[in-house]
Amino acid sequence: MAEWKKMLDPLLVWLPSTGTALVCLLVLLVLHRVFEKRALATSGRRFSIQLLMALLTLTGAVLVVLTLPVGDAMRGQILSLMGIVISAAIALSSATLVGN
């Protein structure tokens, strides 16, 4: 019995972040299906639906990072990296938008 506990303890550490990732994925899939059915009736709202899904995906990614079993310094570095990547994506896409 002690051997099973030794094998399961490292897996149990990752359970909260794995559960959070699965719940976020399930919510995103359900909302995508709901919005997809609604979008057939109202095709002019596609941009707002895409923006909402992007924000929900970003929120889910932040929640998963916050539940990772790592130290506070590492968590802060991961969140900083996410912020830099998002800022770069916005900066590059806005330059393309202004150029057009």
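The model is predicted. The chain has 4 helices and 0 strands. Read along the sequence, the pattern is α-α-α-α.

**Whole chain**
- Of the 100 residues in the chain, 13% are buried.

**Helix α1**
- Helix α1 spans residues 2–13, which gives 12 residues.
- From first C-alpha to last, α1 reaches 17 Å. That is close to the 16 Å expected at 1.5 Å a residue.
- Helix α1 is hardly covered. Among its 12 residues, the count of buried ones is 0.
- W4 is found in this helix. W4 counts as exposed because its relative accessibility is 54%, and the cut-off for exposed is over 50%.

**Nonpolar surface patch**
- W4, M7, L8, L11, L12 and L15 make a nonpolar surface patch. The patch covers about 680 Å².
- Helix α1 gives the largest share of the patch, with 5 residues.

**S17 in helix α2**
- Helix α2 runs over residues 15–41 and holds S17.
- S17 counts as buried because its relative accessibility is 4%, and buried means under 20%.
- What does S17 touch, leaving aside its neighbours within four places in sequence? S17 is in contact with V64, T67, L68 and P69.

Terms used: Residues are numbered from 1 along each chain as its sequence is written. This is a predicted model: local features need pLDDT of at least 70, side-chain atom pairs count only at pLDDT 80 or more; totals for chains, interfaces and linings use all residues. Side-chain values use heavy atoms; hydrogens and water are left out. Helices (H or I, at least four residues) and strands (E, at least two) are DSSP runs, numbered from the N terminus. The expected span of a helix is 1.5 Å times one less than its number of residues. Buried means under 20% relative accessible area, exposed over 50%, partly exposed in between (1.4 Å probe, protein chains only). Patches are made of residues with over 30% relative accessible area and no salt bridge: like charges are joined within 9 Å, nonpolar side chains (Val, Leu, Ile, Met, Phe, Trp, Tyr) within 5 Å. Accessible areas come from the Shrake-Rupley method with a 1.4 Å probe; for residues, only the protein chains shown count as cover. A salt bridge is a side-chain nitrogen of Lys or Arg within 4 Å of a carboxyl oxygen of Asp or Glu. Contact means heavy atoms within 4.5 Å.
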